[in-house]
Amino acid sequence: MSQDLKEIIREEYIKCAQDPAHFLRKYCNIQHPQRGRVIFNLYPFQAKVLSLWKDNPYSLILKSRQLGISTLAAGYSLWLILFHKDKNILCIATKQETAKNMVTKTKFMFDNLPSWLKIPADENNKLALKLNNGSQIKATSAASDAGRSEAVSLLIIDEAAFIEGIESIWASAQQTLATGGGAIVLSTPFGTGNWFHKTWVKAEAQENPFLPIKLPWYVHPERDQAWRDKQDTQLGDPRLAAQECDCDFTTSGDIVYYSEHLEYMTSTHIVEPMERRGVDKNLWIWESPDYTRNYLVVADVARGDGKDFSAFHVFDLETNAQVAEFKSQLSPKEFGYMLVGIATEYNEALLVVENASIGWATLDAIQERNYRNLYYSPKSDIATSDSYFSKYEDVSKMTPGFTMSLKTRPLVINKGREYLGDHSVIIRSKRLIEEMKIFIWKNGRAEAQSGYNDDLVMCYNTAMYVRDTALKQKQYGIEMTKATLNNIQRPSAYQGAYFASGNDNPYAMDINGETEDLKWLL
(Lines give C-alpha, C1' and ligand atoms only; values in the text may rest on other atoms or scores of the structure.)
Protein backbone atom coordinates (compact mmCIF):
# COMPACT_ATOMS: atom_id res chain seq x y z
CA MET A 1 0.00 0.00 0.00
CA SER A 2 1.41 3.37 -1.01
CA GLN A 3 2.18 6.05 1.52
CA ASP A 4 -0.44 8.36 0.01
CA LEU A 5 -3.18 5.71 0.30
CA LYS A 6 -2.22 4.97 3.91
CA GLU A 7 -2.48 8.66 4.70
CA ILE A 8 -5.87 8.92 3.02
CA ILE A 9 -7.16 5.93 5.01
CA ARG A 10 -5.69 7.33 8.21
CA GLU A 11 -7.40 10.69 7.69
CA GLU A 12 -10.65 9.02 6.75
CA TYR A 13 -10.50 6.77 9.82
CA ILE A 14 -9.98 9.79 12.08
CA LYS A 15 -12.89 11.58 10.41
CA CYS A 16 -15.15 8.55 10.99
CA ALA A 17 -14.06 8.27 14.62
CA GLN A 18 -14.84 11.92 15.23
CA ASP A 19 -18.13 12.17 13.32
CA PRO A 20 -20.72 9.35 13.47
CA ALA A 21 -22.82 11.02 10.75
CA HIS A 22 -19.88 10.93 8.33
CA PHE A 23 -19.22 7.28 9.25
CA LEU A 24 -22.83 6.23 8.63
CA ARG A 25 -23.33 8.22 5.44
CA LYS A 26 -20.16 6.98 3.78
CA TYR A 27 -19.55 3.41 4.99
CA CYS A 28 -22.66 1.87 6.57
CA ASN A 29 -25.16 -0.17 4.58
CA ILE A 30 -28.73 -0.77 5.71
CA GLN A 31 -31.57 -2.96 4.46
CA HIS A 32 -34.29 -0.65 3.17
CA PRO A 33 -37.77 -2.29 3.08
CA GLN A 34 -38.35 -1.21 -0.55
CA ARG A 35 -34.89 -0.48 -1.98
CA GLY A 36 -32.91 -3.37 -0.55
CA ARG A 37 -29.31 -2.80 0.53
CA VAL A 38 -28.45 0.91 0.37
CA ILE A 39 -25.91 3.21 1.94
CA PHE A 40 -27.26 4.89 5.07
CA ASN A 41 -27.69 8.37 3.60
CA LEU A 42 -29.04 10.18 6.65
CA TYR A 43 -31.98 12.53 6.40
CA PRO A 44 -31.36 15.96 8.00
CA PHE A 45 -33.53 15.12 11.02
CA GLN A 46 -31.59 11.85 11.54
CA ALA A 47 -28.28 13.69 11.46
CA LYS A 48 -29.62 16.17 14.01
CA VAL A 49 -30.77 13.39 16.33
CA LEU A 50 -27.38 11.72 16.00
CA SER A 51 -25.59 14.88 17.11
CA LEU A 52 -27.97 15.23 20.06
CA TRP A 53 -27.24 11.64 21.14
CA LYS A 54 -23.52 12.29 20.92
CA ASP A 55 -23.74 15.40 23.09
CA ASN A 56 -26.37 14.20 25.61
CA PRO A 57 -25.93 10.98 27.57
CA TYR A 58 -29.68 10.64 28.27
CA SER A 59 -32.13 11.02 25.38
CA LEU A 60 -35.88 10.35 25.31
CA ILE A 61 -37.38 10.06 21.83
CA LEU A 62 -41.11 10.40 21.23
CA LYS A 63 -41.44 9.33 17.63
CA SER A 64 -43.69 8.59 14.71
CA ARG A 65 -43.62 5.21 13.03
CA GLN A 66 -41.10 4.23 10.36
CA LEU A 67 -38.66 7.09 10.76
CA GLY A 68 -35.63 4.81 10.88
CA ILE A 69 -34.77 5.79 14.45
CA SER A 70 -34.15 2.20 15.55
CA THR A 71 -31.81 1.78 12.58
CA LEU A 72 -30.12 5.05 13.53
CA ALA A 73 -29.63 3.72 17.09
CA ALA A 74 -28.08 0.55 15.63
CA GLY A 75 -25.65 2.65 13.56
CA TYR A 76 -24.77 4.84 16.52
CA SER A 77 -24.12 1.68 18.55
CA LEU A 78 -21.75 0.37 15.89
CA TRP A 79 -19.87 3.67 15.87
CA LEU A 80 -19.51 3.52 19.67
CA ILE A 81 -18.19 -0.03 19.89
CA LEU A 82 -15.95 0.30 16.81
CA PHE A 83 -14.15 3.49 17.78
CA HIS A 84 -14.18 3.17 21.58
CA LYS A 85 -12.74 0.55 23.90
CA ASP A 86 -14.73 -1.34 26.53
CA LYS A 87 -18.15 0.02 25.62
CA ASN A 88 -21.02 -2.20 26.75
CA ILE A 89 -24.32 -1.52 24.96
CA LEU A 90 -27.49 -3.30 26.07
CA CYS A 91 -30.69 -3.29 23.97
CA ILE A 92 -33.98 -3.98 25.74
CA ALA A 93 -37.38 -4.37 24.11
CA THR A 94 -40.75 -5.97 24.85
CA LYS A 95 -39.57 -9.27 23.35
CA GLN A 96 -36.14 -10.72 22.79
CA GLU A 97 -36.91 -10.94 19.06
CA THR A 98 -37.49 -7.17 18.93
CA ALA A 99 -34.33 -6.43 20.87
CA LYS A 100 -32.44 -8.84 18.61
CA ASN A 101 -33.43 -6.73 15.59
CA MET A 102 -31.24 -3.91 16.90
CA VAL A 103 -28.23 -6.24 17.09
CA THR A 104 -29.07 -7.68 13.66
CA LYS A 105 -29.00 -4.20 12.11
CA THR A 106 -25.69 -3.44 13.84
CA LYS A 107 -24.20 -6.73 12.61
CA PHE A 108 -25.36 -6.06 9.03
CA MET A 109 -23.59 -2.70 9.01
CA PHE A 110 -20.47 -4.24 10.57
CA ASP A 111 -20.34 -7.15 8.11
CA ASN A 112 -20.50 -4.78 5.13
CA LEU A 113 -17.79 -2.35 6.27
CA PRO A 114 -14.59 -2.00 4.23
CA SER A 115 -11.81 -4.19 5.63
CA TRP A 116 -9.71 -1.25 6.87
CA LEU A 117 -12.56 -0.16 9.16
CA LYS A 118 -13.21 -3.59 10.66
CA ILE A 119 -11.60 -5.07 13.73
CA PRO A 120 -11.80 -8.75 14.70
CA ALA A 121 -14.90 -9.97 16.50
CA ASP A 122 -14.57 -12.30 19.47
CA GLU A 123 -18.28 -13.07 19.41
CA ASN A 124 -20.73 -12.67 16.56
CA ASN A 125 -24.15 -14.29 16.91
CA LYS A 126 -27.87 -13.45 16.80
CA LEU A 127 -27.91 -11.83 20.22
CA ALA A 128 -24.47 -10.25 20.51
CA LEU A 129 -21.55 -8.69 18.67
CA LYS A 130 -18.37 -8.47 20.73
CA LEU A 131 -15.20 -6.93 19.30
CA ASN A 132 -11.65 -7.61 20.49
CA ASN A 133 -11.30 -4.04 21.74
CA GLY A 134 -13.55 -5.07 24.64
CA SER A 135 -16.66 -3.35 23.31
CA GLN A 136 -19.94 -5.15 22.64
CA ILE A 137 -23.64 -4.82 21.89
CA LYS A 138 -26.16 -7.42 23.00
CA ALA A 139 -29.91 -7.88 23.20
CA THR A 140 -32.24 -9.02 25.95
CA SER A 141 -35.97 -9.12 26.53
CA ALA A 142 -37.65 -6.91 29.11
CA ALA A 143 -37.31 -8.35 32.60
CA SER A 144 -37.12 -6.67 35.98
CA ASP A 145 -33.44 -7.69 36.39
CA ALA A 146 -32.35 -6.69 32.86
CA GLY A 147 -29.03 -4.88 33.06
CA ARG A 148 -28.63 -5.42 36.78
CA SER A 149 -25.56 -7.65 36.81
CA GLU A 150 -23.16 -5.61 34.65
CA ALA A 151 -21.94 -2.10 34.01
CA VAL A 152 -23.68 -0.66 30.96
CA SER A 153 -22.18 2.16 28.90
CA LEU A 154 -25.35 2.73 26.89
CA LEU A 155 -28.82 1.34 27.53
CA ILE A 156 -31.18 1.37 24.54
CA ILE A 157 -34.85 0.76 25.33
CA ASP A 158 -37.02 0.30 22.25
CA GLU A 159 -40.81 0.92 22.32
CA ALA A 160 -40.58 1.77 26.01
CA ALA A 161 -44.26 2.73 26.32
CA PHE A 162 -45.27 -0.86 25.58
CA ILE A 163 -42.97 -2.63 28.07
CA GLU A 164 -44.76 -4.10 31.05
CA GLY A 165 -43.06 -3.37 34.35
CA ILE A 166 -40.52 -0.99 32.85
CA GLU A 167 -40.34 0.87 36.17
CA SER A 168 -38.51 -2.11 37.71
CA ILE A 169 -36.26 -2.47 34.66
CA TRP A 170 -35.28 1.17 34.80
CA ALA A 171 -34.70 1.04 38.56
CA SER A 172 -32.35 -1.95 38.25
CA ALA A 173 -30.49 -0.55 35.22
CA GLN A 174 -30.08 2.86 36.87
CA GLN A 175 -27.50 1.44 39.27
CA THR A 176 -25.25 0.32 36.43
CA LEU A 177 -25.59 3.66 34.62
CA ALA A 178 -24.61 5.64 37.70
CA THR A 179 -20.92 5.13 36.93
CA GLY A 180 -21.12 7.28 33.80
CA GLY A 181 -23.34 5.42 31.35
CA GLY A 182 -26.19 6.84 29.29
CA ALA A 183 -29.54 5.82 27.85
CA ILE A 184 -31.51 6.20 24.65
CA VAL A 185 -35.19 5.52 25.26
CA LEU A 186 -37.44 5.56 22.21
CA SER A 187 -41.10 4.84 21.62
CA THR A 188 -44.30 5.81 19.94
CA PRO A 189 -46.83 6.96 22.57
CA PHE A 190 -49.22 4.51 24.21
CA GLY A 191 -51.60 6.52 26.35
CA THR A 192 -50.96 8.59 29.43
CA GLY A 193 -49.90 7.64 32.94
CA ASN A 194 -47.33 4.99 32.02
CA TRP A 195 -43.60 5.27 32.74
CA PHE A 196 -42.74 6.59 29.29
CA HIS A 197 -45.38 9.33 29.46
CA LYS A 198 -44.44 10.36 33.01
CA THR A 199 -40.74 10.40 32.11
CA TRP A 200 -41.49 12.54 29.03
CA VAL A 201 -43.51 15.06 31.07
CA LYS A 202 -40.69 15.33 33.62
CA ALA A 203 -38.10 15.66 30.84
CA GLU A 204 -40.01 18.57 29.30
CA ALA A 205 -40.11 20.19 32.74
CA GLN A 206 -36.37 19.54 33.15
CA GLU A 207 -37.04 17.43 36.24
CA ASN A 208 -34.89 14.49 35.09
CA PRO A 209 -31.66 14.10 33.08
CA PHE A 210 -33.40 13.16 29.81
CA LEU A 211 -33.30 15.37 26.74
CA PRO A 212 -36.80 15.13 25.16
CA ILE A 213 -36.71 14.73 21.36
CA LYS A 214 -40.07 14.78 19.57
CA LEU A 215 -40.26 13.41 16.02
CA PRO A 216 -43.76 13.58 14.48
CA TRP A 217 -44.49 12.23 11.00
CA TYR A 218 -43.78 15.48 9.13
CA VAL A 219 -40.06 15.59 10.02
CA HIS A 220 -39.57 13.02 7.26
CA PRO A 221 -38.87 14.93 4.02
CA GLU A 222 -40.66 12.33 1.87
CA ARG A 223 -44.00 12.68 3.69
CA ASP A 224 -46.78 15.19 3.08
CA GLN A 225 -50.36 15.65 4.25
CA ALA A 226 -51.62 13.20 1.63
CA TRP A 227 -49.38 10.53 3.20
CA ARG A 228 -50.74 11.37 6.65
CA ASP A 229 -54.36 11.25 5.49
CA LYS A 230 -53.74 7.84 3.96
CA GLN A 231 -52.60 6.45 7.33
CA ASP A 232 -56.10 6.75 8.78
CA THR A 233 -57.33 4.34 6.11
CA GLN A 234 -54.32 2.02 6.11
CA LEU A 235 -54.26 1.61 9.88
CA GLY A 236 -58.04 1.28 10.02
CA ASP A 237 -58.50 3.62 13.00
CA PRO A 238 -57.82 7.37 13.25
CA ARG A 239 -56.83 6.88 16.90
CA LEU A 240 -54.23 4.30 16.00
CA ALA A 241 -52.98 6.63 13.26
CA ALA A 242 -52.70 9.44 15.82
CA GLN A 243 -50.67 7.14 18.04
CA GLU A 244 -48.39 5.95 15.25
CA CYS A 245 -47.92 9.28 13.45
CA ASP A 246 -48.72 12.33 15.56
CA CYS A 247 -46.82 11.68 18.81
CA ASP A 248 -50.07 12.40 20.67
CA PHE A 249 -50.27 10.80 24.11
CA THR A 250 -53.93 11.70 24.66
CA THR A 251 -55.26 9.94 21.55
CA SER A 252 -53.00 6.90 21.82
CA GLY A 253 -53.12 3.71 23.84
CA ASP A 254 -55.94 1.31 24.61
CA ILE A 255 -57.90 3.97 26.47
CA VAL A 256 -61.42 3.15 27.66
CA TYR A 257 -62.64 6.75 27.65
CA TYR A 258 -61.93 8.81 24.54
CA SER A 259 -59.84 11.91 25.11
CA GLU A 260 -62.30 14.24 23.36
CA HIS A 261 -65.03 13.20 25.81
CA LEU A 262 -62.73 13.84 28.77
CA GLU A 263 -61.68 17.19 27.31
CA TYR A 264 -65.33 18.19 26.87
CA MET A 265 -66.11 17.31 30.48
CA THR A 266 -63.00 19.15 31.71
CA SER A 267 -63.77 22.34 29.79
CA THR A 268 -67.51 22.29 30.54
CA HIS A 269 -68.14 20.95 34.04
CA ILE A 270 -64.96 20.49 36.10
CA VAL A 271 -65.00 22.92 39.03
CA GLU A 272 -63.45 23.12 42.47
CA PRO A 273 -65.74 21.81 45.24
CA MET A 274 -67.64 24.37 47.28
CA GLU A 275 -66.67 22.50 50.43
CA ARG A 276 -63.99 20.00 51.49
CA ARG A 277 -64.75 17.95 54.58
CA GLY A 278 -62.88 15.58 56.84
CA VAL A 279 -59.51 15.56 58.51
CA ASP A 280 -57.77 15.03 55.15
CA LYS A 281 -60.29 17.20 53.25
CA ASN A 282 -61.00 14.32 50.87
CA LEU A 283 -64.80 14.56 50.96
CA TRP A 284 -65.60 17.03 48.19
CA ILE A 285 -69.04 18.66 48.02
CA TRP A 286 -70.43 20.52 45.00
CA GLU A 287 -74.14 20.70 45.94
CA SER A 288 -75.89 20.60 49.30
CA PRO A 289 -78.79 18.14 49.69
CA ASP A 290 -82.13 19.19 48.22
CA TYR A 291 -84.88 17.31 50.05
CA THR A 292 -87.17 17.44 47.03
CA ARG A 293 -84.73 15.34 45.00
CA ASN A 294 -83.55 11.73 44.91
CA TYR A 295 -79.88 10.78 45.16
CA LEU A 296 -77.66 7.80 44.51
CA VAL A 297 -74.56 6.93 46.57
CA VAL A 298 -72.23 4.33 45.05
CA ALA A 299 -69.18 3.09 46.97
CA ASP A 300 -66.06 1.02 46.35
CA VAL A 301 -64.37 -0.49 49.43
CA ALA A 302 -60.56 -0.58 49.69
CA ARG A 303 -58.79 -3.89 50.14
CA GLY A 304 -57.07 -2.50 53.21
CA ASP A 305 -53.53 -3.20 52.01
CA GLY A 306 -52.65 0.47 51.58
CA LYS A 307 -52.50 0.27 47.79
CA ASP A 308 -56.01 1.44 47.01
CA PHE A 309 -58.65 3.73 48.46
CA SER A 310 -62.22 3.58 49.63
CA ALA A 311 -64.30 5.85 47.44
CA PHE A 312 -67.84 6.94 46.72
CA HIS A 313 -69.81 9.28 44.48
CA VAL A 314 -73.13 11.01 45.14
CA PHE A 315 -75.24 11.66 42.03
CA ASP A 316 -78.54 13.48 41.61
CA LEU A 317 -80.71 10.76 40.09
CA GLU A 318 -82.69 13.11 37.87
CA THR A 319 -80.03 15.49 36.54
CA ASN A 320 -77.24 12.87 36.73
CA ALA A 321 -74.95 15.54 38.16
CA GLN A 322 -72.14 14.61 40.51
CA VAL A 323 -72.83 16.42 43.78
CA ALA A 324 -70.22 14.85 46.11
CA GLU A 325 -67.19 12.56 46.04
CA PHE A 326 -64.88 10.87 48.53
CA LYS A 327 -61.53 9.12 48.15
CA SER A 328 -59.34 8.20 51.10
CA GLN A 329 -58.16 5.30 53.23
CA LEU A 330 -60.55 4.17 55.96
CA SER A 331 -61.21 0.89 57.71
CA PRO A 332 -64.18 -0.96 56.11
CA LYS A 333 -66.32 -0.50 59.24
CA GLU A 334 -65.61 3.24 59.51
CA PHE A 335 -66.37 3.55 55.82
CA GLY A 336 -69.75 1.86 56.37
CA TYR A 337 -70.69 4.33 59.09
CA MET A 338 -69.60 7.21 56.88
CA LEU A 339 -71.74 5.93 53.99
CA VAL A 340 -74.82 5.73 56.21
CA GLY A 341 -74.21 9.34 57.27
CA ILE A 342 -73.78 10.70 53.74
CA ALA A 343 -76.69 8.66 52.29
CA THR A 344 -78.97 9.82 55.11
CA GLU A 345 -77.88 13.43 54.57
CA TYR A 346 -78.71 13.17 50.87
CA ASN A 347 -82.39 12.41 51.43
CA GLU A 348 -82.01 8.69 52.27
CA ALA A 349 -80.24 8.07 48.98
CA LEU A 350 -80.15 4.65 47.39
CA LEU A 351 -76.89 3.25 48.82
CA VAL A 352 -74.92 0.90 46.57
CA VAL A 353 -71.85 -0.99 47.85
CA GLU A 354 -70.09 -3.72 45.91
CA ASN A 355 -70.50 -6.96 47.83
CA ALA A 356 -67.15 -8.53 47.02
CA SER A 357 -65.37 -10.13 49.97
CA ILE A 358 -63.73 -6.84 50.95
CA GLY A 359 -67.12 -5.12 51.00
CA TRP A 360 -68.90 -7.32 53.53
CA ALA A 361 -67.47 -5.57 56.60
CA THR A 362 -68.76 -2.27 55.20
CA LEU A 363 -72.17 -3.78 54.41
CA ASP A 364 -72.35 -5.25 57.92
CA ALA A 365 -71.72 -1.79 59.39
CA ILE A 366 -74.48 -0.33 57.19
CA GLN A 367 -76.97 -3.03 58.22
CA GLU A 368 -75.94 -2.57 61.85
CA ARG A 369 -77.25 1.00 61.57
CA ASN A 370 -80.49 -0.34 59.98
CA TYR A 371 -80.20 1.83 56.91
CA ARG A 372 -83.46 1.37 54.98
CA ASN A 373 -82.53 2.15 51.39
CA LEU A 374 -79.67 -0.28 50.82
CA TYR A 375 -79.27 -1.74 47.34
CA TYR A 376 -79.84 -5.49 46.98
CA SER A 377 -78.86 -7.81 44.14
CA PRO A 378 -80.42 -11.13 43.07
CA LYS A 379 -78.71 -14.15 44.60
CA SER A 380 -77.86 -15.46 41.14
CA ASP A 381 -75.05 -14.10 38.99
CA ILE A 382 -77.52 -13.28 36.21
CA ALA A 383 -77.50 -9.63 35.20
CA THR A 384 -81.12 -8.66 35.95
CA SER A 385 -82.83 -5.35 36.50
CA ASP A 386 -82.16 -4.27 40.07
CA SER A 387 -84.88 -2.45 41.94
CA TYR A 388 -84.99 1.24 42.73
CA PHE A 389 -87.35 0.35 45.58
CA SER A 390 -84.87 -1.79 47.50
CA LYS A 391 -86.30 -0.73 50.86
CA TYR A 392 -89.69 -2.21 49.91
CA GLU A 393 -88.35 -5.47 48.46
CA ASP A 394 -88.64 -8.90 49.94
CA VAL A 395 -84.92 -9.35 50.49
CA SER A 396 -85.14 -13.04 51.34
CA LYS A 397 -84.30 -13.86 47.73
CA MET A 398 -81.68 -11.13 47.38
CA THR A 399 -78.26 -10.29 48.76
CA PRO A 400 -77.09 -6.92 50.14
CA GLY A 401 -74.91 -4.82 47.86
CA PHE A 402 -74.06 -4.81 44.17
CA THR A 403 -72.72 -8.02 42.67
CA MET A 404 -69.92 -7.33 40.18
CA SER A 405 -69.70 -10.53 38.14
CA LEU A 406 -68.07 -11.56 34.88
CA LYS A 407 -71.41 -10.79 33.25
CA THR A 408 -72.16 -7.47 34.89
CA ARG A 409 -68.65 -5.93 34.76
CA PRO A 410 -68.57 -5.33 30.96
CA LEU A 411 -72.13 -3.94 31.14
CA VAL A 412 -71.14 -1.61 33.96
CA ILE A 413 -68.09 -0.27 32.12
CA ASN A 414 -69.97 0.15 28.84
CA LYS A 415 -72.70 2.08 30.62
CA GLY A 416 -70.09 4.47 32.04
CA ARG A 417 -68.60 4.98 28.56
CA GLU A 418 -72.05 5.50 27.07
CA TYR A 419 -73.07 8.23 29.52
CA LEU A 420 -69.74 10.03 29.11
CA GLY A 421 -69.82 9.79 25.31
CA ASP A 422 -73.42 11.07 25.12
CA HIS A 423 -72.65 13.96 27.51
CA SER A 424 -75.49 12.58 29.63
CA VAL A 425 -73.62 12.96 32.90
CA ILE A 426 -72.17 15.96 34.70
CA ILE A 427 -68.76 15.15 36.20
CA ARG A 428 -67.26 17.87 38.37
CA SER A 429 -64.27 16.08 39.87
CA LYS A 430 -60.79 16.49 38.41
CA ARG A 431 -59.73 13.43 40.47
CA LEU A 432 -62.19 11.27 38.58
CA ILE A 433 -61.10 12.66 35.19
CA GLU A 434 -57.45 11.93 36.00
CA GLU A 435 -58.31 8.31 36.85
CA MET A 436 -60.28 8.02 33.61
CA LYS A 437 -57.19 9.04 31.63
CA ILE A 438 -55.22 6.01 32.83
CA PHE A 439 -58.11 3.50 32.66
CA ILE A 440 -57.15 1.20 29.76
CA TRP A 441 -57.97 -2.07 28.04
CA LYS A 442 -55.47 -4.70 29.16
CA ASN A 443 -55.82 -8.17 27.66
CA GLY A 444 -59.48 -7.44 27.01
CA ARG A 445 -60.18 -6.23 30.55
CA ALA A 446 -60.66 -2.58 31.49
CA GLU A 447 -58.52 -1.58 34.45
CA ALA A 448 -56.10 1.06 35.68
CA GLN A 449 -52.59 1.14 34.29
CA SER A 450 -49.97 -0.59 36.39
CA GLY A 451 -49.19 1.44 39.51
CA TYR A 452 -52.48 3.40 39.46
CA ASN A 453 -55.93 3.07 41.03
CA ASP A 454 -59.40 2.91 39.50
CA ASP A 455 -61.51 3.27 42.67
CA LEU A 456 -63.32 6.42 41.53
CA VAL A 457 -63.70 5.13 37.97
CA MET A 458 -65.39 1.88 38.99
CA CYS A 459 -67.68 3.79 41.38
CA TYR A 460 -68.66 6.04 38.49
CA ASN A 461 -69.32 3.14 36.10
CA THR A 462 -71.43 1.33 38.69
CA ALA A 463 -73.36 4.52 39.43
CA MET A 464 -74.27 4.94 35.76
CA TYR A 465 -75.34 1.30 35.50
CA VAL A 466 -77.46 1.41 38.66
CA ARG A 467 -78.96 4.78 37.74
CA ASP A 468 -79.97 3.41 34.37
CA THR A 469 -81.69 0.34 35.80
CA ALA A 470 -83.09 2.26 38.79
CA LEU A 471 -84.83 4.86 36.63
CA LYS A 472 -86.23 2.15 34.39
CA GLN A 473 -87.59 0.33 37.43
CA LYS A 474 -89.01 3.57 38.85
CA GLN A 475 -90.81 4.31 35.59
CA TYR A 476 -92.05 0.72 35.48
CA GLY A 477 -93.44 1.13 39.02
CA ILE A 478 -95.22 4.35 38.06
CA GLU A 479 -96.81 2.72 35.04
CA MET A 480 -97.95 -0.27 37.08
CA THR A 481 -99.50 1.99 39.74
CA LYS A 482 -101.31 4.00 37.08
CA ALA A 483 -102.64 0.83 35.51
CA THR A 484 -103.84 -0.46 38.87
CA LEU A 485 -105.61 2.80 39.79
CA ASN A 486 -107.15 3.15 36.34
CA ASN A 487 -108.58 -0.35 36.58
CA ILE A 488 -110.32 0.37 39.93
CA GLN A 489 -114.08 0.77 39.35
CA ARG A 490 -115.97 3.49 41.23
CA PRO A 491 -118.16 1.48 43.62
CA SER A 492 -120.56 3.10 46.05
CA ALA A 493 -118.25 2.15 48.86
CA TYR A 494 -114.82 0.55 49.02
CA GLN A 495 -113.70 -0.48 52.50
CA GLY A 496 -115.05 2.75 53.99
CA ALA A 497 -113.49 4.94 51.30
CA TYR A 498 -115.48 6.70 48.57
CA PHE A 499 -114.34 8.22 45.31
CA ALA A 500 -114.93 11.96 45.40
CA SER A 501 -118.03 12.87 43.44
CA GLY A 502 -118.00 15.75 41.05
CA ASN A 503 -114.20 15.67 40.80
CA ASP A 504 -112.47 15.38 37.43
CA ASN A 505 -109.35 13.92 39.05
CA PRO A 506 -109.64 10.12 38.60
CA TYR A 507 -107.31 9.64 41.57
CA ALA A 508 -109.38 11.73 44.05
CA MET A 509 -110.96 9.63 46.83
CA ASP A 510 -113.17 10.48 49.82
CA ILE A 511 -111.79 9.00 52.99
CA ASN A 512 -113.88 9.58 56.11
CA GLY A 513 -115.37 12.71 54.58
CA GLU A 514 -112.07 14.16 53.37
CA THR A 515 -110.77 14.15 49.78
CA GLU A 516 -107.35 12.62 49.25
CA ASP A 517 -105.44 12.76 45.97
CA LEU A 518 -103.93 9.33 45.30
CA LYS A 519 -101.49 10.71 42.73
CA TRP A 520 -98.86 10.66 45.49
CA LEU A 521 -98.62 6.94 44.77
CA LEU A 522 -97.04 7.84 41.45
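**Notebook: cavities and an open sheet**

I note that the model is predicted.

I turned to the second largest cavity, which holds about 60 Å³ of space. Which residues line the second largest cavity? I listed Val-298, Ala-299, Asp-300, Val-352, Val-353, Glu-354, Phe-402, Met-404, Met-458, Cys-459 and Thr-462. By class I sorted the lining into 8 nonpolar, 1 polar and 2 charged residues. I then checked which elements supply at least two lining residues each, and noted β13, β16 and α15 (455–487).

Next I followed β13 and β16 into their sheet. The sheet is open and has 6 strands, in the order β11-β12-β15-β14-β13-β16, with mixed pairing.

I looked at one pair in detail. Strand β13 (residues 295–300) runs antiparallel to strand β14 (residues 310–316), and 6 bridges join the two. Ala-299, one of the residues lining the second largest cavity, stands opposite Phe-312 in β14.

Last, I checked what packs on the sheet. Helix α11 (residues 332–345) does, and it touches β11, β12 (283–285), β13, β14, β15 (322–328) and β16. The direction of α11 makes about 10° with that of β14.

Key: Residues numbered from 1 in each chain as written. Predicted model: local features only at pLDDT ≥ 70, side-chain atom pairs only at ≥ 80, totals over all residues. Heavy atoms only, no water. Pairing = 2+ DSSP bridges. Helix = DSSP H or I, 4+ residues; strand = E, 2+ residues; numbered from the N terminus. Contact = heavy atoms within 4.5 Å. Axes fitted to C-alpha atoms, helices over the stretch in contact; angles between N-to-C directions. 1 Å grid on protein atoms, 1.4 Å probe; cavity = no way out; pocket = protein on both sides within 12 Å on 5 of 7 lines; lining within 4 Å. Points joined across faces, edges and corners; volume = space filled by probe spheres on them. Nonpolar A, V, L, I, M, F, W, Y, C, P; charged D, E, K, R; others polar.
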